[in-house]
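Please keep the sequence and the model open while reading.

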Amino acid sequence: MSTTDHVHDLGMPAANPIDAAVAASVASQGEKQTALKAKDFKTDQEVRWCPGCGDYVILNAVQSFLPSLGIAREDMVIVSGIGCSSRFPYYMNTYGMHSIHGRAPAIATGLAVSRPDLSVWVVTGDGDSLSIGGNHLIHALRRNVNITILLFNNRIYGLTKGQYSPTSEVGKVTKSTPMGSLDHPFNPVSLAIGAEATFVGRAMDSDRKGLTDVLRQAAEHQGTALVEIYQNCNIFNDGAFDLLKDPATGTQWSIPLVHGEPLVFGADGAACVVRDDLGGLRIAETNQVDASDIVVHDAHREDSSYAYALSRLSSQDLRYTPMGVFRSVQKPTYDRMMSEQLDVAAAEGSDDLDAILGGNDTWTVSA
Amino acid sequence: MTATDPAVTAGSSAPGGLVKSVVELDRVVIRLAGDSGDGMQLTGNRFTSETASFGNDLSTLPNFPAEIRAPTGTLPGVSSFQLHFADHDIMTPGDAPDVLVAMNPAALKANLADLPGGGLLILDADEFTPRNLAKVGYATNPIEDGSLEGWQTVSVPLTSMTLDALADSGLGKKEAERSKNMFTLGLLSWMYHRPTEGTIRFLERQFRRKPEIAAANIAAFRAGYNYGETTEAFAVSYEIKPAPMAPGKYRNISGNQALSLGLVAAAKRSGLPLFLGAYPITPASDILHELSKHKAFGIRTFQAEDEIAGIASAIGASFGGALGVTTTSGPGVSLKSEALALAIMTELPLVVVDVQRGGPSTGLPTKTEQSDLLQAMFGRNGEAPLAVIAPRSPGDCFDAAIEAARIAITYRTPVMLLSDGYLANGAEPWQVPSSEDLPDLTGAVDFATEPNGSTADGTPEFLPYLRNPETLARPWAIPGTAGMQHRIGGLEKADKTGNISYDPENHDFMTRTRQAKIDGIAASIGPTDVDDPTGDARVAVIGWGSTYGPIGAGVRRVRRSGRKVAQIHLRHLNPFPADLGEVLARYDRVVCPEMNLGQLALLLRAKYLVDIQSHTQVRGLPFRAAELAAVIQDVIDSTSGAPLAADPTGGGE
């Protein structure tokens, strides 16, 4: 690992204690264990979400696909905030921190930049990441720290028993808004793209295949990856995503995003996405447009305006919701660049403590 | 000029046959005052460096407005720098200046009241224009109207002489004028026999990419020096001999610099990589700046999006095995409170530096105060104890930072280090330690790599809350360590296993255990620091933090008057030294001066049932030694009567 490459000890503690601890533990079990099964990622803690909660499905999907990433359990850290989804770390046999409301991206940032050898994940909800923690989310995204953020969006406050959230539709009637909510919701994907995110995806809790596919790409992405996961709260906002889940309407209103494939959807591919006159995107009937006018999905496009336009196709009632990876581009990661600065400084300077204690101007008093 | 009688010791002959006398002084307090754009802080710092390298003891008090450039020539825009230097050991920047340099009418108006009658007043005559006078409400020019007769006033055209000196420099008038602070520094350097090589080297280094600016500043500096030597305006120059100091290597250091170097040293001596998460805030930002320069030490500095992210990122780094640090001032501590409690609950090492400033709210950002003690102690929800320590002088910030790291690493706890604006920006000579003499913190790190328990069926397991019986610290197992995976968080944890627990008995036990862990730190710190030379004083003065200097200077005056007084100064504010209760009980009266409304006094009264006499001020400035001496003397005299041979309190330090 690279945390200690910069430290050239001169008569000081021999090895970096972080390296020493990691090496000692690996030595005791022979080698890093990466041939794992889903059950290896489970803990002995009883999972305490409400029966029927979408969080169970996501937990199972994550535990099932993680072994395929080849990451040792001890090299993975899950940091969460506060809310139902933020109990996630307790159920994962990795390192974890269930922290405070909204701050998980900031904690994960400190960990990821000081330990680039780890795989750092954030699990958060729509209230945690978009309301109280909105600031940390956008700054983590713009910095492109190497962390993977799973944003469980159930469009409601569950743990505090049913107030509207920053993703609730306008007019939402809840305990705190008996006459309907007044504020306009965030579209988390639009927000992330606006915040310079290098990877943004969206998946449905119940779609194991689609979810796993997006999660895998997110995990493999170098830099901050945000995955919005539509998650059903069957107690306080049941059926919030039925329009997309219901086989009868789902095909009509979901737009599957596959890199390199034309954006055609609906029953028999009846609908498609084309450019509009103002440079944005609009929905068209496939048989009314020239095939060459149908947009071919390009998640790697450097300019984020395309991915942003995609995110604007859907409205708060979820019609025309693109699902999949909106954007996946490569940019230098913050943690890597910080390590490089340290390397440069170490190559050009010295870490002689006595030299900096003395500074530029000293004088000597003799006995 | 000072309380000591000046003695004319020698004459010097300047070019042109002008004979100038040299007066020997034991100490001088100079205050430089000008517009915030006039470079007074730079001038003061340079004069300080010259003085330090000459070997005087010194203490400084920078004082500047929160506005970066208040409107030119106005009272809110006045910036000043006070320097006290002496041929003996001194403890404060001086109660009042002996010499005031005022670069414009605003600087004169804002500072004249502090200059005792008869003091030397040097004015830049060029700046006393009708327009500048009107800006600060002078109806007539004080240089001409006789209102300055009570002082030795020397009015010199500093600006135009600077322009003359730079006539051939090729610089425009505006640029050339900027060098008037260096002209002034040159003049003062002559007056006080300061070595000049350091300043010339500094200017060359500072402007190495703009050689014409470096040359102009050096020319102005030399012109000021030569002016002093040749002018009849100053007939006398002054000599202040070097102060006797313990043999060794010295440098001049500010509190923020010393604190930063202390953190670097702590990282080096523990072997841990240092991670600083910080959001810029006055007066703490210089620590972020300083640490950012030391990347060669593997130090990661992260300028966070806000105060909360500053501490949160440091907690994340500590979880990963770094020495996590966050630096801030009082308003930032308020924002960090919830995260601080998370660090207390997760029992991770963390150093939180609070460079205190005037409060509440935005308060007085550039002025000093020590009013965050109770916030440090109690400013969190729940029973949330943490360790609190405070440095007592700029140089002591170095040792305090190492001590904060020692406690944080050993006890796996956040430690609040309470510096303040006076320590942060003030400077003093500092004996440079040798790195090998610094505490070795490697033993305290001790990352857990092996299971420390076993399940019912005998399988080895890691218990993240199974404590060290001596320190009550929990094991520090860092990600990457195989077989030690565990989850921590803000919810109450079960003893030993660290699983979520809502059990009433467990919460009671864990709450008391967290408190006991902090209380137990007292076993690792020395006895209370008491200075009672005769051992039979009946009155003690107790302080913490930056009041050490003023209290010490006040105590010296009181002792010179024949009275007896003990000085107790606390580094550790939570926990207190184990013997503090007994120490306090030895005295009939205990006085506690603080730059707040009695926060330490409240804690001492509550804990020890001692009738502490609180003496407080919150003026944004350090205490004056004379004021404290008077307070202490009154207490002594009302306790035991005035000593028979009492001299009037007063005199220098």
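## Strand pairing

Two strands pair if DSSP finds at least two bridges between them. Helices (H or I, at least four residues) and strands (E, at least two) are DSSP runs, numbered from the N terminus. Strand E11 (residues 274-278) of chain B pairs with strand E12 (residues 300-303) of chain B in the parallel sense, over four bridges. Phe275(B) stands opposite Arg300(B) in E12(B). Together with helix H10 (residues 285-292) of chain B, E11(B) and E12(B) make a right-handed β-α-β unit. A crossover is right-handed if, with the strands pointing away from the viewer, the path from the first strand over the helix to the second runs clockwise.

E12(A) is joined to strand E10 (residues 248-254) of chain B by four bridges, and the two run antiparallel. Gly248(B) in E10(B) is the bridge partner of Val365(A).

## Basis of the model

This is a predicted model: local features need pLDDT of at least 70, side-chain atom pairs count only at pLDDT 80 or more, and totals for chains, interfaces and linings use all residues. Residues are numbered from 1 along each chain as its sequence is written, chains are lettered from A and ligands numbered from 1 in the order in which they are written, and side-chain values use heavy atoms, with hydrogens and water left out.

## The A-B interface

In chain A, 78 residues are in contact (heavy atoms within 4.5 Å) with 82 residues of chain B. The two chains bury about 6400 Å² between them, 63% of it on carbon and sulfur atoms. Buried area is the accessible area (1.4 Å probe) that two parts lose on being put together, summed over both. Tyr95(A), Leu357(A) and Trp363(A) lose the most area on the chain A side, together 14% of what that side buries.

Polar contacts number 27 residue pairs between the chains, both residues at pLDDT 80 or more. Such a contact is a pair of N or O atoms within 3.5 Å; within protein, one must be able to donate a hydrogen and the other to accept it, and residues adjacent in sequence count only if both atoms are side-chain atoms. Elements of chain A that each supply at least two residues to the side touching chain B include helix H1 (17-28), helix H5 (134-143) and strand E12 (362-365).

## Salt bridges

A salt bridge is a side-chain nitrogen of Lys or Arg within 4 Å of a carboxyl oxygen of Asp or Glu. Three lie between chain A and chain B. Glu305(B) forms a salt bridge with Arg143(A), with the closest N and O atoms 2.9 Å apart.

Within chain A, Glu74(A) and Lys32(A) meet in a salt bridge (3.5 Å, N to O). This pair links distant parts of the chain, 42 residues apart. Glu74(A) is in the loop between helix H2 (54-65) and strand E1 (76-80), and Lys32(A) is in the loop between H1 and H2.

## Backbone exceptions

Most residues other than glycine have a negative phi, and most peptide bonds are trans. Glu196(A) has a positive phi of about 70° and is not a glycine. Glu196(A) lies in the loop between helix H6 (188-194) and strand E5 (199-204) of chain A.

Gly359(B) and Pro360(B) are joined by a cis peptide bond, with omega about 0°. Pro360(B) is in the loop between strand E14 (350-356) and helix H13 (373-378) of chain B. Another cis peptide bond joins Asn574(B) and Pro575(B), with omega about -5°. Pro575(B) sits in the loop between strand E24 (572-574) and helix H19 (580-585) of chain B.
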